[in-house]
Amino acid sequence: MTTRRYSNREFEELKRWLDNNQDSVSEKIVNDFIEMVSKDYPAKRIIATNSCMGALHIALQTIGVGPGDEVIVDPIVVFAGMAVMYQNAVPIFADIDSKTFNITPQSIRSRITPRTKAIICTHLFGNICNMEEILAIARENNLPVIEDCAHALFSTRNGKYAGLFGDFSAFSFNHRKQLSTGQGGFLLINSDDFTEKSKDKGFGRIPARLTWNYAMSGLIAGIAIAQWPYAKEYVRQDYQLAQLYNQAVKDCAWLIPQKIPGENWPSYHIWSAIYKGDEYGIEYKELMKVLRENGGDYFLPSFMPYGAFSLTPSPVYRYPLFNEPRAYTKRCPTFCPHYEGKINYENDLCPNAEYLIPRLFNTVLSPVEDDRVKRYADALYKTIKYFS
């Protein structure tokens, strides 16, 4: 299998930017990148952005989310909830499926109120949500759907790429993703109505209303142009490497990998499992000690919101960012005077997430050298045998 690579193409694209009038050539390079993406993702409109977070924010602003509004999000990763707060709106957390780790249609339905303005669903670790049922609920309630595809580049469900289901979808080129440009990403818009509404988001000119500059730079676009032809290969590589971990835990009753529905083909940004060793008399500290001794020192004990590793693993609504008025002044957005709902970020809001999150056992696949993954998978297999 082939590891991540680069060639003279990256340097040629950077030189194209440097050798020309940088402002005008940047736009040309970005448009060239968008044209490449459109061949795989035939959306109504594609906006190249500086990050996946920027893409999520543009989507919410295009919808018209604002103070007093609610947006339904998942409780495992922090980003959808933060994007909602960027618009001074209130994130409403729906529960997850304890096997697939994804937000469930049933929980989404139970969270809808007259204040709900959108649904954001995260395809966690590259495993696509039940989009058919989610979209049916959204249509019943006239709600737009935003897919967070930061983990799901070229993941498929029934042969259809993640990002081509909802009204919007946001992708990431963060340094740990399958295709990395350090930062960057893009937004797909799949709705005629929202395509028109998004056109007042131009950068470098006076907009029709307040907007934010999340434009991708020509430098980042140049690297993305050079890397895009390899992206599917990178994703296939991560999928194959994930099978080494799946094989290592195949007969283990207390380490159960994320369930991938038969209709899904996941990109496996992260390989993840549920740790149930405590139910079998296996202490976690002892497990990690043996795993390290066997050479598997790359595993993380759990998946926590980025930057929160000093905190106890829990659903993100337990963190001060959400359950205390720390975002804006005058107690906004979660305790905004314009908000007529009642915040519930208490225990048992999302029982499945509260059970799962402290037990998540993960390792990142993108981009890790093949030999290291093989060594870690072998260490995991030996460790399971040790405790059997």
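Before looking up any angle, I noted that helix axes are lines fitted to C-alpha atoms over the stretch in contact, and that the angle between the N-to-C directions of two axes runs from 0 to 180 degrees. I also kept in mind that this is a predicted model.

**Entry 1: a helix pair.** I looked up helix α9, residues 231–248, and helix α13, residues 370–387, and found that their axes come within 8 Å and cross at roughly 15 degrees. Because angles under 35 degrees count as roughly parallel, I wrote down α9 as roughly parallel to α13. I then checked the hand of the crossing, and α9 passes α13 in a right-handed one.

**Entry 2: the residues in contact.** On the α9 side I listed Q237, L241, L244, Y245 and A248, which meet D370, V373, K374, Y376, A377, L380, Y381 and I384 in α13. When I sorted the residues of this contact by kind, they divided into 10 nonpolar, one polar and two charged.

**Entry 3: positive phi angles.** Which residue lies in the loop between α4 (79–86) and β3 (90–93)? I found N88 there, and its phi is near 60 degrees, a positive value in a residue other than glycine. I went on to N158, which sits in the loop between β6 (156–157) and β7 (160–161), and noted a positive phi of about 50 degrees although N158 is not a glycine. Is N158 buried or exposed? Its relative accessible area is 57%, so I recorded N158 as exposed, given that exposed means over 50%.

Definitions and conventions
Residues are numbered from 1 along each chain as its sequence is written. This is a predicted model: local features need pLDDT of at least 70, side-chain atom pairs count only at pLDDT 80 or more; totals for chains, interfaces and linings use all residues. Side-chain values use heavy atoms; hydrogens and water are left out. Helices (H or I, at least four residues) and strands (E, at least two) are DSSP runs, numbered from the N terminus. Angles under 35 degrees count as roughly parallel, over 145 as roughly antiparallel, 65 to 115 as roughly perpendicular and the rest as oblique. A crossing is left-handed if the near helix is turned anticlockwise from the far one by less than a right angle, and right-handed if clockwise. Contact means heavy atoms within 4.5 Å. Ala, Val, Leu, Ile, Met, Phe, Trp, Tyr, Cys and Pro count as nonpolar, Asp, Glu, Lys and Arg as charged, and the others, Gly among them, as polar. Buried means under 20% relative accessible area, exposed over 50%, partly exposed in between (1.4 Å probe, protein chains only).
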